[in-house]
Amino acid sequence: MNTLSNPAISPEPSERFGGSIERSSIAFQILERIKSALIRGDLKPGDYLPSETELTQSLGIGKSSVREAIKMLQAIGIVEVRRGHGTIIRREPGDPLVDPMAFGMILARGMTRDVLEFRAMFEPAYTLQAMTNATDEDHQRIRQAIDDMATAIANGEQTSRHDVSFHRAILHATHNPMTIRVGRTLLELIEAALETSMQTLPETALNDHKAIYAAFQAGDAEGVRRAIEESAKSWETNLTYRE
């Protein structure tokens, strides 16, 4: 049974989503209604959305608009459609087919100075968060990324993938889905610059990673900040300012 449509347990769908809506941009309005319901706590992760028929009747709209809204929510990783059961709000965001935040940051990256400033602020913050939360497995993953990078450099096979693996390993060690999502988007934005760095200054990049991890492993917050600041001197030169 869909508990969200049971008045003894929770508000009726029409109350939860604010009643009928106007015809313009209907799918987007449904998204806003669902977002508001999540913010208010009327909907929670793990809850099922009202059925397609319930939403159609309570909001006074066609099924095609409801289906479009559900597809949009699926695309950004908010809901999961379970055949024979209904549409459930994910407990954690899934891997989105389309990431609006990523596209927004990509479109804004023409201001490269903004990307550099954001990285300079964000990288020390997530690295320190990871330093606090990292497990033994996380430390092994970070060390492996450094070893793989060293091997690739020794064989002349280094690419941005080896650089990214190190940063992804640290991001993973935060165990914070929001930090990981923002960090992955940032890495996508700077991957071309990392490729340049790996082809022109591979040993410098490797030594930077070793210095960052040495402070990280020692639990030296100030040392982590210094190592990242020193690393920034080399990777900043691989991004061209576009004002």
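I count two residues as in contact when heavy atoms lie within 4.5 Å. The model I am reading is predicted.

**Entry: Ser65**

I started with Ser65, which sits in helix H4, residues 63-75. Is Ser65 buried or exposed? Its relative accessibility is 13%, so Ser65 counts as buried; the cut-off for buried is under 20%. Next I looked up its partners, leaving aside neighbours within four places in sequence. Ser65 is in contact with Ile26, Ala27 and Ile30.

**Entry: Val66**

I moved on to Val66, also found in helix H4. Val66 has a relative accessibility of 2%, so I put it down as buried. I then checked how far its C-alpha atom is from that of Ala27. Which residues does Val66 touch, leaving aside neighbours within four places in sequence? I found Ile30, Glu52, Leu55, Thr56 and Ile61.

**Entry: H4 as a whole**

I checked the length of H4 against expectation. At 1.5 Å a residue, its 13 residues should span 18 Å. The end C-alpha atoms are 18 Å apart, so the two values agree. I listed the buried residues of H4: Ser65, Val66, Ala69, Ile70, Met72, Leu73 and Ala75. What do these buried residues pack against? They pack against helix H2 (26-40), helix H3 (52-59), strand E1 (79-82) and strand E2 (86-89). Gly77 follows H4, and its phi is positive, near 80 degrees.

**Entry: H3**

I looked at H3 for its own buried residues. They are Leu55, Thr56, Ser58 and Leu59. Leu55 and Thr56 are also among the contacts I noted for Val66. Just after H3 comes Gly60, with a positive phi of about 70 degrees.

**Entry: H7 against H8**

I turned to helix H7 (residues 136-154) and helix H8 (residues 160-174). Their axes are 9 Å apart, and the helices pack at an angle of about 175 degrees. Angles over 145 degrees count as roughly antiparallel, so H7 is roughly antiparallel to H8. I then asked which residues make the contact. From H7 they are Asp138, Arg141, Ile142, Ala145, Ile146, Asp148, Met149 and Ala152. From H8 they are His162, Ser165, Phe166, Ala169, Ile170, His172 and Ala173. Sorted by class, I have 9 nonpolar, 3 polar and 3 charged residues.

**Entry: His175**

I followed the chain into the loop between H8 and helix H9 (177-200), where His175 lies. Phi of His175 is near 55 degrees, a positive value in a residue other than glycine. How accessible is His175? Its relative accessible area is 43%, so I noted His175 as partly exposed.

**Entry: H6 against H10**

My last stop was helix H6 (residues 112-133) with helix H10 (residues 202-218). Their axes come within 9 Å and cross at roughly 40 degrees. That makes H6 oblique to H10. Which hand does the crossing of H6 and H10 have? I recorded it as right-handed. Glu123, Thr127, Ala130 and Met131 make the contact from H6. Ile212, Ala215 and Phe216 make it from H10. I sorted this contact by class too: 5 nonpolar, 1 polar and 1 charged.

Methods
Residues are numbered from 1 along each chain as its sequence is written. This is a predicted model: local features need pLDDT of at least 70, side-chain atom pairs count only at pLDDT 80 or more; totals for chains, interfaces and linings use all residues. Side-chain values use heavy atoms; hydrogens and water are left out. Axes are lines fitted to C-alpha atoms, for helices over the stretch in contact, and angles run from 0 to 180 degrees between N-to-C directions. Helices (H or I, at least four residues) and strands (E, at least two) are DSSP runs, numbered from the N terminus. Angles under 35 degrees count as roughly parallel, over 145 as roughly antiparallel, 65 to 115 as roughly perpendicular and the rest as oblique. Ala, Val, Leu, Ile, Met, Phe, Trp, Tyr, Cys and Pro count as nonpolar, Asp, Glu, Lys and Arg as charged, and the others, Gly among them, as polar. Buried means under 20% relative accessible area, exposed over 50%, partly exposed in between (1.4 Å probe, protein chains only). A crossing is left-handed if the near helix is turned anticlockwise from the far one by less than a right angle, and right-handed if clockwise. The expected span of a helix is 1.5 Å times one less than its number of residues.
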